[in-house]
Structure formats: structure tokens, C-alpha cells
Amino acid sequence: MELSKKQKTMKYFCYCLMILLADLLQNTGGLFPQVFGARCFLLLPLAIILSMGEDIIASAFMGLFAGLLWDMSGAVHLGFNCIFIAVVCFLSSALVTYIVRDTFITNMICAALVIILYCFLYWLFFIVIKGVDGGETTLFSFYIPCAIYTLILTPVIWLIMKPVKAKLNFVKSQEF
């Protein structure tokens, strides 16, 4: 069933609100628990899960919005999150549109790859290449724990988002 313009507007407005809420939880100190100094990167799995099964262009703009919000909270890496999340949302949406189905396993594999790639690239570009003293050890002391923490919460995010996405896509539950 094709959604009307009003339904699409409402759906993407709700998606933007969820991304905004995740950004506030992730980037405001004390709102989301840290485990042994590791932070959860909520925006990554949320943006990927929301993108899968959506229009390619809309997914790219959702990723762009999520990355823009994340970039606004830091002064060091302006543009990196914007570009990275927009590209991976575009690719994950294209993957589901043309190659695989939007299933739990697909969401988890795609989100896991994105989380691991993000942590590694961020560490490489903004710690190692910049020559931060002792930066090589931050991979094991901060970025890998953050990736593991985010990976553990990714299925929870999917479980929360699955019924929300179904409701916003106006999918009726099948009764047997």
C-alpha cells in the first residue's frame, strides 16, 4: 500500500523526532548511562534501522540529519558524521531495496558493520593520523568498548523500532 503525502510527512516527522531524541540521549552528559567509560552511539543503529526498507533518498537525508545533529555537538570532526551516516544509510537502504530483505539478521549485520567501521575510521582519522599522544591505546580503552556497548543495545533498538515503523507505515497486523 502506497502512503499518502500526509502519511509520509507524518512518518518522516516522527523519524526526525526519534533521531533528535536519540541525539539528546547520546550527546547530553548523564542522560544515558556509560558503562566503564564507554558511551553508546545510539544514532548509528537507529539511523540504520530506520533507513532499511525506506526510500533511498529519504534514507540518505535521515542519515544526513542524524550526522548533522551529532556534528553539532562536537567541534573537532565537523562533517565526518554527516557524510558517514548519510552514505551508510543510503547504502543500507539500497541494499534492502535491491538485494536483501528487511529482516532482523539483515538489520543486525548492517548495523554491526556500520558501528565497527565508524569506530575504526573515527579512531584512525581523528586520533592516529592527527598524532594524539597515546592515541593508539584509545582503540582498546574507548572505541572497542563503545562499539561493544552499542552492538549490545542494537537488538533492543530494533525491537523498539520494529512496531513503531510498522505503525508509521500503516501496516495492519495479520490475524490468523
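The sulfur of Cys 119 lies 6.3 Å from the closest cysteine sulfur, that of Cys 146, which is too far for a bond. The model is predicted, so local features need pLDDT of at least 70 and side-chain atom pairs count only at pLDDT 80 or more, whereas totals for chains, interfaces and linings use all residues. Residues are numbered from 1 along each chain as its sequence is written, and side-chain values use heavy atoms, with hydrogens and water left out.

**Cysteines**

- Across the whole structure, the search finds 0 disulfides, a disulfide being a pair of cysteine sulfur atoms within 2.5 Å.
- Cys 119 is buried, at a relative accessible area of 4%; buried means under 20% relative accessible area, exposed over 50%, and partly exposed in between (1.4 Å probe, protein chains only).
- Cys 89 is also buried, and its relative accessible area is 0%.
- For the sulfur of Cys 89, the closest cysteine sulfur is in Cys 110 at 8.6 Å, too far for a bond.

**Fold and dimensions**

- The protein contains 6 helices and 0 strands, where helices (H or I, at least four residues) and strands (E, at least two) are DSSP runs numbered from the N terminus.
- The order along the sequence is α-α-α-α-α-α.
- A compact globule of 176 residues would have a radius of gyration near 16 Å, and the value of 17 Å for the protein agrees with this; the radius is taken over C-alpha atoms, and the globule rule is 2.2 Å times the number of residues to the power 0.38.
- Along the principal axes, the C-alpha atoms fill a box of roughly 60 × 35 × 30 Å.
- Of the contacts between residues at least 6 apart in sequence, 73% join residues at least 24 apart, with contact meaning heavy atoms within 4.5 Å.

**Burial and surface**

- Buried residues account for 43% of the 176 residues.
- The accessible surface is about 10,000 Å², and carbon and sulfur atoms contribute 73% of this area; accessible areas come from the Shrake-Rupley method with a 1.4 Å probe, and for residues only the protein chains shown count as cover.

**Backbone at Phe 36**

- Phe 36 sits in the loop between helix H1 (5-27) and helix H2 (43-51).
- Although Phe 36 is not a glycine, its phi is positive, at about 50°.
- Most residues other than glycine have a negative phi.
- Phe 36 is exposed, with a relative accessible area of 83%.
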